[in-house]
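Me: I'd like to learn how to read a protein fold. Could you walk me through one?

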Amino acid sequence: MENKLIEIKNAYYFYDPEEEGKEPEPALKNVSLDIYEGEFVAVLGHNGSGKSTLAKLCNAVFEPARGTVTVDGIPSDSEENGDLIRRKVGMVFQNPDNQIVATIVEDDVAFGPENLGVDPAEIRKRVDSALKSVNMYEYRERQPHNLSGGQKQRVAIAGVIAMQTKCIVLDEPTAMLDPMGRDEVMDTIHKLNKEMGITVVLITHFMDEAVKADRVVIMDKGEIITTGTPREVFSKVDFLREHKLDVPQSTELCNALGIKGCVLDTDECVEVLGRILGGAV
Ligand code: ADP
Ligand code: MG
């Protein structure tokens, strides 16, 4: 993981217009973050901490008011560059119903590459292969409104895959899904990263979804307050609590039991408790 794909340097973003002599409250404040090719980065933080704004900087929907954002060597400082950047970074949003545009699944997946002017024979290939990779190929002739939330999100992800972007930014893609839908979507996202080498930026408020990331970024009030591997970040239980953030359930349980070291998931929790209870678990 040597190549920087997204480079954010000292970025600020303001929604409110500047009033005379008074600086508005920034939605992002001096944010610096590098995302490397092939990485899986989870971004966590409270409502209003700036996660969605950061996502929109990553694919040049917004330009920073101050500082710079560069994607694959392209600075996001003009409309033309923004178009180039959006060919490299795709987005998936929270609400599956807001991002489906066609009345047939395969037409929906074809929409992105059609807009990029891809040749129809090539589009056909990309649509089939994208639908297979999210496990939705059998549903290609269905109507999206009859699908479950998790299935719709997988169709939205297939739409990004069909555009062959290097990176996919998912803004709370599982927030509106039931547990099964969440699992399906999380499995799909991990597969894209591991098997297809697509760089993933996953914005989530579920701590358990961040545990399997390569790196976790925590935001609060428009700033990045800490970043590191999941183990590094979730071992700072007190720090996270001070910022009113949870830790993964297994971490919380083992921490409450006074177990030293950072336990991240159910498997690790079972192992540690098994050792303590002398094999009774
Ligand atoms: P998050 O995704 O972490 O919930 P956001 O990036 O949406 O955070 O919001 C960051 C800050 O910017 C918040 O204070 C929010 O109220 C403000 N904000 C977000 N969207 C808008 C908007 N369209 N207009 C004005 N302020 C906004
Ligand atoms: Mg948001």
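Predicted model: local features only at pLDDT ≥ 70, side-chain atom pairs only at ≥ 80, totals over all residues.

Me: Okay, so which strand does β1 pair with in the antiparallel sense, and over how many bridges?

Reply: The general idea is that strands of a sheet pair through backbone hydrogen bonds, either parallel or antiparallel. Here, β1 (residues 4-13) and β4 (residues 66-71) run antiparallel and are joined by five bridges. If you want a spot to look at, find Y12, which sits opposite R66 in β4.

Me: In what order do the four strands of that open sheet come?

Reply: Reading across, you get β2-β1-β4-β5, with antiparallel pairing. The edges are β2 (28-36) and β5 (74-75); each has a single partner strand, so one side of each has no neighbour in the sheet.

Me: Which helix lies across β1, β2 and β4?

Reply: That's α1, residues 51-58, and its direction is at about 125 degrees to β1.

Me: And what is the strand order in the open sheet with six strands?

Reply: That one goes β6-β7-β8-β3-β9-β10, and its pairing is mixed. Its edge strands, β6 (89-92) and β10 (223-228), pair on one side only. On average, neighbouring strands in this sheet are turned by 20 degrees against each other, ignoring direction.

Me: Where can I see a parallel pair?

Reply: Go to β7 (residues 167-171) and β8 (residues 199-203), which pair in the parallel sense over five bridges. There, D171 stands opposite I203 in β8.

Me: Which helices pack on this sheet?

Reply: Take α5 (residues 149-162): this helix touches β6 and β7, and its direction makes about 170 degrees with that of β6. There's also α6 (residues 179-196), touching β3 (40-45), β7 and β8, at about 150 degrees to the direction of β8.

Me: What kinds of residues make up the lining of the largest pocket?

Reply: It divides into 13 nonpolar, six polar and four charged residues.

Me: What about the second largest pocket, how is its lining split by class?

Reply: That pocket has about 410 Å³ of space. Its 15 lining residues include R182, D183, D208, E209 and K212, the closest to its centre. By class, the lining has four nonpolar, four polar and seven charged residues. The largest share, six residues, comes from α6, while α7 (207-210) and α10 (249-256) each supply at least two.

Me: Last one: how many salt bridges does the structure hold?

Reply: There are 19. In one of them, the side chains of E223 and K29 meet at 3.9 Å, N to O. Since E223 lies in β10 and K29 in β2, the pair ties together parts that are 194 residues apart in sequence.

Note on methods
Residues numbered from 1 in each chain as written. Chains lettered and ligands numbered in written order. Heavy atoms only, no water. Pairing = 2+ DSSP bridges. Contact = heavy atoms within 4.5 Å. Axes fitted to C-alpha atoms, helices over the stretch in contact; angles between N-to-C directions. Nonpolar A, V, L, I, M, F, W, Y, C, P; charged D, E, K, R; others polar. 1 Å grid on protein atoms, 1.4 Å probe; cavity = no way out; pocket = protein on both sides within 12 Å on 5 of 7 lines; lining within 4 Å. Points joined across faces, edges and corners; volume = space filled by probe spheres on them. Salt bridge = Lys/Arg side-chain N within 4 Å of Asp/Glu carboxyl O.
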